[in-house]
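Open the model in a viewer and keep the selection panel at hand. Each stop below gives a selection and then says what is found there.

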Amino acid sequence: MTEIMIQTTHSTDSAISSESILDMYASMGIDRNVYNYGAKVLGDLEERFRQIDEIAEYNQLKVIKAMQECQVSEACLLGTTGYGYDDLGRDTLEKVYAKVFHTEDALVRPQITCGTHALALALMSNLRPGDEVLSPVGKPYDTLEEVIGIRPSKGSLAEYGITYRQVDLLTDGSFDYEGIEKALNDRTRLVTIQRSKGYQTRPTLSVAQIGALIAFIKERKPEVICMVDNCYGEFVEIMEPGDVGADMVVGSLIKNPGGGLAPIGGYIAGRTDCVENAAYRLTSPGLGKEVGASLGILKDFYQGLFLAPVVTASALKGAVFAANLYERLGFDVIPTGSESRHDIIQAITFHQPESVIAFCQGIQAAAPVDSHVVPQAADMPGYDSQVIMAAGAFVSGSSIELSADAPIRPPYAVYFQGGLTWQHAKAGILKTLQFLVDKGLVEKKQLKCSNL
Ligand SMILES: *Cc1c(COP(=O)(O)O)cnc(C)c1O
């Protein structure tokens, strides 16, 4: 403690001595050689981090401006109970979301239980029997397979006579425009575009790419509804899908836009008629957006959105750091260390189960909550192999908080995301490397000579 204070007054570069920080890491179980290896990797990332901060700065201002223009007041932070008529905070928050995502309207509710629910709601409320949904970007996120009925499920769109068509991306990751043109037909009512790769190996789409795809589709079929699954993509760029013609932009509040504070919730931002349909489906025909008490959580929704640009930047820095660190150790990483980013997910392929398990255990050991728990691979409903998950989160299941998961099957890739603060993400990644070194899965000598 004294050392920290002395150093603060005497040094202009560094507020504390490198020994203090090394001692602190050592007390957290991270060795000097692991720390130093991380420091060398970080040395080359200054420019990347500067760019991430620039985007966060822009988006921070965008959120503040929206809150100011909507006249968010102290009264908005309170909640209603019961029916929730005239809930000022809820109605104002929806205006703020519409401004941030540049859409006509938005539905932002704690009654939307998660991202899958928000997507299902957007789909079911805007489709009618006989309509067809088209995914021009390949297979959608796992949980949507049951919503659509790709995997038969109770209550799926398929049960209501809504059909589904899919056009895969070409092998180089680009759109199959010819295939898309052929797939569009008289019944195509809605096109669903997933921004993030989710847990697949295809590239994540940039907002500009999504814009080009929407333009192509609207040229051929102007009345079709273009919906974007925006999960994990919010605030990664300065544009959002609403800026490039999306009719609905949909996501989860326990990912990026909740800023780690929202304890539940989802959003649908979009065209007035689309949002209206969703509201009538969420509550009831005739009631729509007018009911739905916000209870006591609006302050967390507002404050989470306020923090979201910076939280997303922290998660992005973590992803970039992990990509570069593991790439230099010789592992395959998606995206690569130098690629531009359109979401916060980082995949690292280890080619052996022990490393995947060690990685997840390292993430868990660095958590503020449940750090004493050791995650194990186990069978999970809905998965065809064992799965391991690491999450020591304040909000259960929140993946904007530092987390990792992996199916235990070849090629033994781990998916890593989140970090409410960059400092936590950094410590977590160093901890994963420490675990790999301790278990002999990365050799100590690699830390000295790996491509640096
Ligand atoms: C997380 C996610 C979902 C589903 O959200 P949940 O909150 O887990 O239900 C859908 N699509 C994508 C791309 C996601 O990343």
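Select Glu240 and colour by accessibility: its relative accessible area is 0%, so this residue is buried. This is a predicted model, and the values in this tour are computed from it. Glu240 sits in the loop that runs between strand E5 (225-229) and strand E6 (248-252). Now show what surrounds Glu240. Leaving aside neighbours within four places in sequence, Glu240 is in contact with Lys62, Phe101, Arg195, Val207, Asn230, Gly233, Glu234 and Phe235.

Next, select the ligand and the residues around it. These are Cys114, Gly115, Thr116, Leu119, Tyr141, Gln194, Asp229, Cys231, Tyr232, Ser252 and Lys255.

- Gly115: a polar backbone atom is 2.8 Å from an oxygen atom of the ligand.
- Thr116: a polar atom of the side chain lies 2.6 Å from an oxygen atom of the ligand.
- Asp229: an N or O atom of the side chain is 2.6 Å from a nitrogen atom of the ligand.

Cys114 belongs to the loop between strand E1 (105-109) and helix H6 (115-126). Is Cys114 buried, exposed or partly exposed? Its relative accessibility is 30%, so Cys114 counts as partly exposed.

For another charge over a ring, select Arg220 and Phe216. Arg220 lies over the face of Phe216, and the distance to the ring centre is 3.7 Å.

Now show the aromatic side chains. The structure holds 16 aromatic pairs. One of them joins Tyr83 and Tyr85, whose ring centres are 5.4 Å apart and whose planes meet at 15°, so the pair is stacked. Tyr83 is exposed, with a relative accessible area of 58%, while Tyr85 is partly exposed at 48%.

Move to Phe101, already seen in contact with Glu240. The ring centres of Phe101 and Tyr267 are 4.9 Å apart and their planes lie at 20°, so this pair is stacked. The pair links distant parts of the chain, 166 residues apart: Phe101 is in the loop between helix H5 (88-100) and E1, and Tyr267 is in strand E7 (residues 266-270). Both Phe101 and Tyr267 are buried.

For a group of rings, select Tyr326, Phe331, Phe350, Phe359 and Phe416, which ring pairs link into a cluster.

Around Leu433, leaving aside its neighbours within four places in sequence, the contacts are Val34, Tyr37, Leu325, Tyr326, Leu329, Val442 and Leu447.

Key: Residues numbered from 1 in each chain as written. Predicted model: local features only at pLDDT ≥ 70, side-chain atom pairs only at ≥ 80, totals over all residues. Heavy atoms only, no water. Helix = DSSP H or I, 4+ residues; strand = E, 2+ residues; numbered from the N terminus. Buried < 20%, exposed > 50% of the residue type's maximum accessible area, 1.4 Å probe, protein only. Phe/Tyr/Trp six-rings, centres within 6.5 Å; stacked < 30°, edge-to-face > 60°. Lys NZ or Arg CZ within 6 Å of the ring centre and 35° of its normal. Contact = heavy atoms within 4.5 Å. Near = heavy atom within 4 Å. Polar contact = N/O pair within 3.5 Å; in protein donor to acceptor, adjacent residues only side chain to side chain.
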